[in-house]
Amino acid sequence: YNTTSQNISFSFNVTDNLAKQLNCSIFINTALNTTNSSTLNGTNTTFMLHNITEGIYNWNITCKDEAQNSNTSETRNFTIDLTLPSINTITFSPNSTDDIDPNVLLNFTINITDNGSAVKTVVLQYKQSGAGIFTNATARLDSDGLYYSNFTPNIADIWQYKVYASDYAGNNDTSNIINIS
């Protein structure tokens with residue numbers, strides 16, 4: 001689970017064959033965080049945690065009945081990612097004015113990193129400078145860790161491009177618009 005929210009609800013339901021109430025605790029990264037000593041048997045219960053800092057976490061719930069019998073849920077993970085993907089470099093080839101002509105394929109190499117939940121989508125957006133709407137070309141991730149995309153200008157003109165990137169938590173960034181002529 002990836003999120004940009006620092007306030008998270010953790011829901012669970014515990015069932016015991018005798019107890020009306022159980023003592024349930026949530027553990028974050030194996031450390032006790034909060035306890036509810038009056039969790040009702042067979043009832044959906046929620047722990048609401050606030051102001052959790054950016055990072056990768058695991059969590060589980062442990063409940064005990066009045067006889068001190070206990071059970072622990074499976075451990076699950078979540079990531080709080082508040083950081084935008086970083087568009088480090090964008091290069092294209094051919095890149096000399098003499099080589100950029102109509103119907104010549106421009107190949108883009110894009111270096112993007114994300115320190116949180118990982119890069120999800122990279123899109124090269126391009127258009128003629130006078131056009132209103134950018135055309136999207138999804139970039140593909142290669143085994144070298146770089147993203148690749150391309151487009152072919154169909155007429156001699158000033159063309160513009162920018163790169164959009166998003167991560168799995170929903171953070172996104174867009175590069176500046178660059179002119180090619």
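1. On the basis of the note: because the model is predicted, local features need pLDDT of at least 70 and side-chain atom pairs count only at pLDDT 80 or more, while totals for chains, interfaces and linings use all residues. Residues are numbered from 1 along each chain as its sequence is written, and side-chain values use heavy atoms, with hydrogens and water left out.

2. On the open sheet: four strands make up an open sheet in the order 9-10-14-13, and their pairing is antiparallel. Strands here are DSSP runs of E with at least two residues, numbered from the N terminus, and two of them pair if DSSP finds at least two bridges between them. The edges are formed by strand 9 (86–93) and strand 13 (140–141), each of which pairs on one side only. Strand 9 is joined to strand 10 (residues 106–113) by seven bridges, and Ile90 has Ile110 in strand 10 as its bridge partner.

3. On strand 8 and its partners: strand 1 (residues 2–3) runs parallel to strand 8 (residues 76–80), with two bridges between them, and Asn2 stands opposite Thr79. Strand 6 (residues 55–64), in contrast, runs antiparallel to strand 8 and is joined to it by five bridges; here Gly55 has Ile80 as its bridge partner.

4. On the largest pocket: its volume is about 320 Å³, where a pocket is an open set of points on a 1 Å grid over the protein atoms alone, with a 1.4 Å probe and protein on both sides within 12 Å along at least five of seven lines. The volume is the space filled by probe spheres set on the points, which are joined across faces, edges and corners. The pocket is lined by 19 residues, and those closest to its centre are Asn13, Val14, Ile61, Cys63 and Ser73; a lining residue has an atom within 4 Å of a point. Strand 6 gives the most to this lining, with four residues. The lining divides into six nonpolar, nine polar and four charged residues, with Ala, Val, Leu, Ile, Met, Phe, Trp, Tyr, Cys and Pro counted as nonpolar, Asp, Glu, Lys and Arg as charged, and the others, including Gly, as polar.

5. On Leu82: this residue lies in the loop between strand 8 and strand 9. Leu82 counts as partly exposed because its relative accessibility is 38%, which falls between buried (under 20%) and exposed (over 50%), using a 1.4 Å probe and protein chains only. Beyond its neighbours within four places in sequence, Leu82 is in contact (heavy atoms within 4.5 Å) with Thr4, Gln6, Glu54 and Asn171.
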